[in-house]
Amino acid sequence: MVVLNFTLIPEAAAKVHDLLVCLGKFSETVAIEARQERFTFTALNSSKSAYAALTLDGDQFFSSYECIPSQGGPDGRFTCSMSTRALLSVFKGKLYDPLGRDGAIDRCEVSVQDRPDETQCRFIVKMHCNQGVVKTYKLTYEAVEVMHALFDRNAAYNRWTIHSSAMRDYIEYFSPRTELLDIFAGEDGNSAVFKSYTEKITSGKDVLKNPLATAVAVNTSDFDSFSVDPGLHIIINVKDFKAIVLHADTLKTELRAYYSQPTRPLQFSYGSDGLLCEFTLMTSGDYNASKAPSAVPRQAHIETAPRPRPTATEARESRRMQPEMPQPVAPASQSASRRVPGSRKESSQASQNGSASLFVRQDEEDAQWEPVDYNNEEETLGWDASAEHDPATFQTFRDTASRARTQKAESNEGVAPTQRISQIKGLW
Amino acid sequence: MRFKASIQNINTFTKLTASLNSLGPLAWVKLSDDQVCFTIIPEQGTQVWAVLSIDSIFDTYTVQSAANNVINLEVPLAALNRALKSAWNATSAQIRLTKKDGMPLLALTIVTASSSSHAGFPTATAEDDLDDVYDQPFGRGSRETTITQEVPIRVLAHETVAGLHEPQCREPDVHIILPPLLQLKSISDRFTKLALVGKSTSTSAAPRTRLELSANMHGCLRLSIRTDAMNISSVWTDLNNPELDPGQVEGIEEHPSTRMKQLGSADGRSEEGWATVRIDARDWSKVMSVGRLGGRVIACFCHEFALILYVYLPSDSGEEESVLTVGSSGDGFYSLPSWRS
């Protein structure tokens with residue numbers, strides 16, 4: 001019998017909405033792993049090229065949090081998976097609204113009913129609205145084993161940090177139909193180029209159907225930190241990148257990238273106020289094109305890296321950093337329920353030191369000039385009740401490059417594959 | 001073959017491509033020494049023949065080719081429009097014809113002021129804000145971000161486009177300056193929606209909804225729609241019928257519009273003196289998209305035959321040299337008339 005109860009304030013509930021929107025871009029199902037100290041949403045996309053783990057800190061993120069797993073003691077966990085859309089239809093937008101308009105809640109209570117004396121196992125969400133209205137949602141879930149992608153940050157010596165809102169401005173230039181993103185560190189070390197493109201269609205008239213290829217050249221001084229081998233190209237999926245940047249921007253936080261070389265995984269990490277987001281992505285690119293970096297600069301880099309220590313210390317560290325942490329930012333779902341790339345609310349614009357957002361005025365004005373599409377039925381949102389989702393999407397996967405180094409750990413029977421590297425660090 | 005220009009009027013160029021994109025996905029662009037022409041001839045619907053003076057859009061413009069310095073291109077408008085949109089608050093924007101992996105493309109190079117102001121402000125506390133104000137002009141300002149947008153295109157041979165000519169059409173019966181297009185668009189869109197109520201909009205077999213547009217030479221414009229269930233119309237009065245320029249149009253006394261002037265009245269109640277055309281409602285909604293350019297629009301009615309709109313781009317100098325010709329309804333078009341300014 002598991003005990004899992006937690007309560008969210010409206011701001012936190014809105015953040016859950018935002019993160020579910022983001023995870024929904026990766027997978028139809030989201031997996032949940034609850035531990036005594038923290039609560040993690042994970043998602044793995046169907047091609048297993050992108051893995052997301054969003055960890056909510058038990059003390060910081062929730063107004064109250066209690067998790068007593070049925071077995072395993074302090075290291076035990078409760079895991080399950082659910083349809084992302086079903087959860088999203090509970091954690092709708094506009095949960096947080098200081099004016100208490102439609103959809104706003106007072107608090108959100110979640111509990112899991114998983115007892116032998118009950119016939120039904122349910123994930124129960126109670127939304128306490130104004131005037132004492134309580135909306136109760138009972139969601140079905142599926143017991144699954146949750147696996148984590150392992151990422152060795154020590155090997156990922158290429159790193160950069162940039163504010164998410166700056167990166168958000170850059171991704172708005174990208175054509176929506178492109179597939180790939182090439183992150184290129186200039187030979188001179190002063191520029192980074194983000195290029196979104198598509199593998200070309202070269203036959204006849206279809207040439208004109210190619211989406212725009214967009215290259216954004218950014219001065220490295222626009223980064224908070226930038227330390228990448230000059231001339232290194234690394235290629236990831238541009239849609240994944242956009243989803244990550246858009247979500248990071250809802251938190252108004254810094255986005256950090258860690259990677260080594262093409263064909264090895266890349267990790268994006270960001271977070272604030274008890275929410276830590278990590279995305280591990282497959283990369284491609286010309287392996288040989290990247291110069292083999294000498295050991296000396298690599299070593300030097302690790303010493304000077306802003307955060308050389310692996311993730312397990314993250315929560316502690318962010319708590320320690322709290323005094324410098326920003327005021328909680330209103331979640332995106334409050335200011336704009338639906339973010340169209342390129343459009344941004346005037347209010348947030350004003351707060352940005354007068355830096356006019358891209359395209360905004362034009363798009364608003366533009367809409368009225370667009371020809372009316374009379375065939376456009378009103379959009380309806382539902383969820384797929386067909387239960388055809390593949391439950392077995394969660395498997396262990398890891399960077400094969402770091403295998404050589406972690407072999408010893410693997411052969412050690414007592415270490416579960418889901419442990420963080422930091423926890424097994426002492427073993428080798 | 002060389003083409004390179006800096007875009008002086010990004011705003012106008014963006015709106016122009018957005019308007020054209022509503023009417024067709026591909027445009028034929030003819031670049032020559034003294035003008036830029038955009039032509040859209042969709043399989044059905046409205047044709048556009050746009051002629052722009054170089055300096056209404058470009059600055060430092062060079063075009064060179066073996067064919068009398070004329071280059072013909074086929075350009076996907078959605079991509080071009082999107083590329084131009086990224087230049088919305090650019091400090092400079094250049095466009096040039098280039099090749100990459102043997103594929104011709106138009107490369108837009110856009111330089112924007114650095115977004116370094118992002119680096120600190122959203123997370124900054126009140127005190128930090130003050131520091132930022134001082135830091136920026138010296139520390140973090142004055143940097144630039146360069147965006148390169150590559151629009152795939154096709155280069156057209158001279159022979160391919162040689163046969164292309166603006167259609168000729170008889171002299172119009174009525175010419176009139178249209179009321180603000182946004183007003184006209186919202187009313188006609190509303191009419192169309194009303195006409196579609198209850199019809200299954202998804203079946204393409206449904207009869208096309210047609211708007212009836214009429215005008216007389218006494219400043220009246222009438223927009224109406226007729227279905228089995230209703231008949232609505234809206235009438236504008238006190239619009240302007242521009243005078244024909246006797247220096248450019250021969251035989252004004254014989255001109256159809258002179259004859260139409262004898263008929264009808266300024267209150268729009270008379271049944272006489274109207275020149276009427278029927279237009280596909282969806283097509284009309286697309287055509288109205290040119291309103292975003294904000295220029296003066298003269299509509300020429302050839303009774304029961306064709307409607308031609310002349311859209312004059314507003315320019316800084318007050319002259320209206322660039323003209324978009326938008327032909328609608330029917331099969332015929334006619335050559336550009338001249339109006340007394």
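Which ring does the charged end of B:R296 sit over? Hello everyone, let me start there: the ring belongs to B:Y312, and the charged end of B:R296 is 5.3 Å from its centre.

If we go through the elements of chain B, strand β6 (residues 71–76) has the highest mean pLDDT, at 94, while helix α3 (residues 126–140) has the lowest, at 42.

Now chain A. The average pLDDT there is 75, and 67% of the residues score at least 70. Residues 332–362 of chain A have pLDDT below 50, and this stretch has 66 contacts in the model beyond near neighbours in sequence. Residues 402–416 of chain A are below 50 as well, with 15 such contacts. A friendly reminder for anyone with the viewer open: where pLDDT is low, the predicted coordinates should not be read in detail.

On to the overall make-up of chain B. Seven helices and 18 strands are assigned in chain B. The chain has 341 residues, of which 54% count as buried. If you take contacts in chain B between residues at least 6 apart in sequence, 69% of them join residues at least 24 apart.

Over all chains, the count comes to 22 aromatic pairs. One of them is A:F194 with A:F223, a stacked pair at 6.3 Å centre to centre, with 20 degrees between the planes. That pair links distant parts of the chain: A:F194 is in strand β13 (residues 191–197) of chain A, and A:F223 is in the loop between β14 (213–219) and β15 (225–227) of chain A, 29 residues apart. Both A:F194 and A:F223 are buried.

Another pair is B:F13 with B:F58, this time edge-to-face, at 5.6 Å centre to centre and 80 degrees between the planes. Here helix α1 (residues 10–23) of chain B supplies B:F13 and strand β5 (residues 58–64) of chain B supplies B:F58, 45 residues apart. B:F13 counts as buried because its relative accessible area is 3%, and B:F58 does so because its value is 5%. There is also a cluster in chain A, where ring pairs link A:F6, A:F39, A:F41, A:F61, A:F62 and A:Y65.

Let's stay with helix α1 of chain B for a moment, where we also find B:T17. Buried or exposed, what is B:T17? B:T17 is buried, at 0% relative accessibility. Apart from neighbours within four places in sequence, B:T17 is in contact with B:L77, B:L80, B:N81 and B:L84.

Chain A has its own helix α1, covering residues 10–24. This helix has 15 residues and reaches 21 Å from its first C-alpha to its last, close to the 21 Å expected at 1.5 Å a residue. How many of the 15 residues of α1(A) are buried? The number is twelve, and the helix is mostly covered. A:C129, for instance, is in no disulfide, and the nearest cysteine sulfur, that of A:C108, is 9.8 Å away. A:C129 is buried, with a relative accessible area of 13%.

Last, two threonines with positive phi. For A:T263, phi is near 75 degrees; A:T263 lies in the loop between β17 (254–259) and β18 (266–272) of chain A and is partly exposed, at 41% relative accessibility. For B:T60, phi is near 35 degrees; B:T60 lies in strand β5 of chain B and is exposed, with a relative accessible area of 61%.

Technical notes. Residues numbered from 1 in each chain as written. Chains lettered and ligands numbered in written order. Predicted model: local features only at pLDDT ≥ 70, side-chain atom pairs only at ≥ 80, totals over all residues. Heavy atoms only, no water. Phe/Tyr/Trp six-rings, centres within 6.5 Å; stacked < 30°, edge-to-face > 60°. Helix = DSSP H or I, 4+ residues; strand = E, 2+ residues; numbered from the N terminus. Buried < 20%, exposed > 50% of the residue type's maximum accessible area, 1.4 Å probe, protein only. Lys NZ or Arg CZ within 6 Å of the ring centre and 35° of its normal. pLDDT = per-residue confidence, 0-100. Expected span 1.5 Å × (residues − 1). Disulfide = S-S within 2.5 Å. Contact = heavy atoms within 4.5 Å.
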